Amino acid sequence: MEYFKLNNTFRIPKVGMGTNTFGKENNQYDGALNMDIEPYKLAYKNGYRLFDTAKGYRNEKVLHAFIKQEKINRSELIIQTKISSKNVDINDEYKVKEMIEESINYFLGYVDVYFIHHPSTDEENLILWKYLIEYYKTGHIKALGVSNFSVEQINYLIENTGFKPQINQIVSNNSNWNHSLIFDLQKMDILPQAWSPLHVDEAYISMIEPIASKYKKTWAQVLLKAQISRYVSVIPKSHNNLRQQENIDIFDFQLTHEEINTILNIIDK
Ligand SMILES: NC(=O)c1ccc[n+]([C@@H]2O[C@H](COP(=O)([O-])OP(=O)(O)OC[C@H]3O[C@@H](n4cnc5c(N)ncnc54)[C@H](OP(=O)(O)O)[C@@H]3O)[C@@H](O)[C@H]2O)c1
């Protein structure tokens, strides 16, 4: 595995595992929790060490069960979770802190990256950000993240606290590559992390297939490789053994600059 170093020197794997349907009936986002730890076991066996969860996914406790039942050495894992004003009344300090501490306890004393999942008003974002900073200062959170934030929303947090996020988790796939936001984040030394990196259409897959076959890789592998090659981390999700293996097996080839641009629909100026 290769790593990206964040602006506070903390390191995270370039490829992590999305888990928004893990531990749920029929692998459905809205499915009832069934506490099935098999997808985590599979991902761990296949080499994944970064797991991305959220309060909104309701499955922090399943990741906890996996760690405990499998007696995983916590220091091997990088765990990301998220909270937003959709999950809790953020003016209720006791409740918000209870929820943050629930994550800290589930993940055995600390969370590697804690995100604000969705932006709200600037004032509400700031309230939540200040809570997260408190736990960052005590070492219970190793890196701070935002998700789906604009540069303006991030700047408001920085101007009012002096704390810059380490990561902004945003959509990046062929429905919205988010190139200009990614470019701006990189100028600010904030790592862009792509969610739903494999949500693409058939026409797009056909377009990048020739590049994939040149390297004897799949379309998903060259797409993920293109993202990490431009310093965007990825959290593809799969419940399938072979596809999990495929998505992490992207470190033995290099794409050319032109191929990266083709895959990501980047037009060089
Ligand atoms: N911050 C946010 O607002 C936000 C929003 C959405 C998602 N997320 C995070 O991002 C993670 C990833 O996003 P996602 O789960 O929406 O989508 P994704 O990872 O882009 O795609 C998942 C889908 O692609 C399939 N797949 C996986 N590997 C494949 C491969 N090599 N070839 C072909 N198909 C493949 C999976 O099916 P199989 O399982 O059958 O392989 C699944 O249907 C989420 O799990 C979540 O952790 C965050």
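Author: A crossing of two helices is left-handed if the near helix is turned anticlockwise from the far one by less than a right angle, and right-handed if it is turned clockwise. The model discussed here is predicted. In it, α2 and α3 cross in the left-handed sense.

Reader: What makes α2 and α3 roughly parallel?

Author: The axis of α2, residues 60–69, crosses that of α3 at roughly 20 degrees, and the two come within 9 Å. Angles under 35 degrees count as roughly parallel, so α2 and α3 fall in that class.

Reader: Which residues bring α2 and α3 together, and what kinds are they?

Author: From α2 come E60, K61 and H64, which meet E102, S103, N105 and Y106 of α3. This contact of α2 with α3 has 1 nonpolar, 3 polar and 3 charged residues.

Reader: What makes up the contact of α3 with α4?

Author: On the α3 side are E93, V96, K97, I100, E101 and I104; on the α4 side are L128, Y131, L132, E134 and Y135. These divide into 7 nonpolar and 4 charged residues, with no polar ones.

Reader: What makes α1 oblique to α9?

Author: The axes of α1, residues 38–45, and α9, residues 241–248, cross at roughly 40 degrees and come within 10 Å. Roughly parallel requires an angle under 35 degrees, so α1 is classed as oblique to α9. This crossing is right-handed. P39, L42, A43 and K45 of α1 make the contact with N241, Q244 and Q245 of α9. Of these residues, 3 are nonpolar, 3 polar and 1 charged.

Reader: How many residues surround the ligand, and which are closest?

Author: There are 27, and D52, L198, K237, S238 and R243 are the closest.

Reader: What is the backbone distance to a ligand oxygen for K237, and for P197?

Author: For K237, a polar backbone atom lies 2.7 Å from an oxygen atom of the ligand. For P197, the corresponding distance is 3.1 Å.

How values were computed:
Residues are numbered from 1 along each chain as its sequence is written. This is a predicted model: local features need pLDDT of at least 70, side-chain atom pairs count only at pLDDT 80 or more; totals for chains, interfaces and linings use all residues. Side-chain values use heavy atoms; hydrogens and water are left out. Axes are lines fitted to C-alpha atoms, for helices over the stretch in contact, and angles run from 0 to 180 degrees between N-to-C directions. Helices (H or I, at least four residues) and strands (E, at least two) are DSSP runs, numbered from the N terminus. Angles under 35 degrees count as roughly parallel, over 145 as roughly antiparallel, 65 to 115 as roughly perpendicular and the rest as oblique. Contact means heavy atoms within 4.5 Å. Ala, Val, Leu, Ile, Met, Phe, Trp, Tyr, Cys and Pro count as nonpolar, Asp, Glu, Lys and Arg as charged, and the others, Gly among them, as polar. A residue is near a molecule or strand if one of its heavy atoms lies within 4 Å of it. A polar contact is a pair of N or O atoms within 3.5 Å; within protein, one must be able to donate a hydrogen and the other to accept it, and residues adjacent in sequence count only if both atoms are side-chain atoms.
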